[in-house]
Amino acid sequence: MITINLAGTDSDGSVAGYVIKSLPSNGLLYSDAAMTSPIAVGDLVTGPVPIYAWF
């Protein structure tokens, strides 16, 4: 398992989330460390910044 830290900035100072535009070619992304909730292309990933995903 690899933890991916999604972080960034926004001109108004608040990042509400990230839209997943593509997935890794050899694996899946998950929204939880237990790797039970896969993330799909087009999903909006939200939460406190930084936001984490797992591969």
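Student: What makes up the largest nonpolar core of this predicted model?

Tutor: The largest nonpolar core has 8 residues in all: Leu6, Tyr18, Ile20, Leu29, Ile39, Val45, Ile51 and Ala53.

Student: Why is this set called a nonpolar core?

Tutor: The name applies because such a set consists of buried residues of nonpolar kinds, joined through side-chain atoms within 4.5 Å. In soluble globular proteins, nonpolar side chains tend to be buried together.

Student: Which residues does Ala53 touch?

Tutor: Leaving aside residues up to four places away in sequence, Ala53 touches Ile2, Thr3, Ile4, Tyr30 and Ile39. One of these, Ile39, is also listed in the largest nonpolar core.

Student: How many of the residues count as buried?

Tutor: Of the 55 residues of the protein, 20% count as buried. To be counted, a residue must have under 20% relative accessible area.

Student: Why is Met35 called partly exposed?

Tutor: Its relative accessibility is 30%. Buried means under 20% and exposed means over 50%, with partly exposed in between; Met35 therefore counts as partly exposed.

Student: Where is Met35 placed, and what is its phi?

Tutor: Met35 is in the loop between strand E3 (29-30) and strand E4 (38-39). The phi of Met35 is near 60°, a positive value in a residue other than glycine.

Student: What pattern does the protein follow along the sequence?

Tutor: The pattern is β-β-β-β-β-β, in keeping with a count of 6 strands and 0 helices.

Student: What share of the contacts with a separation of 6 or more joins residues 24 or more positions apart?

Tutor: Such residues account for 56% of those contacts.

Notes. Residues are numbered from 1 along each chain as its sequence is written. This is a predicted model: local features need pLDDT of at least 70, side-chain atom pairs count only at pLDDT 80 or more; totals for chains, interfaces and linings use all residues. Side-chain values use heavy atoms; hydrogens and water are left out. Buried means under 20% relative accessible area, exposed over 50%, partly exposed in between (1.4 Å probe, protein chains only). Contact means heavy atoms within 4.5 Å. Helices (H or I, at least four residues) and strands (E, at least two) are DSSP runs, numbered from the N terminus.
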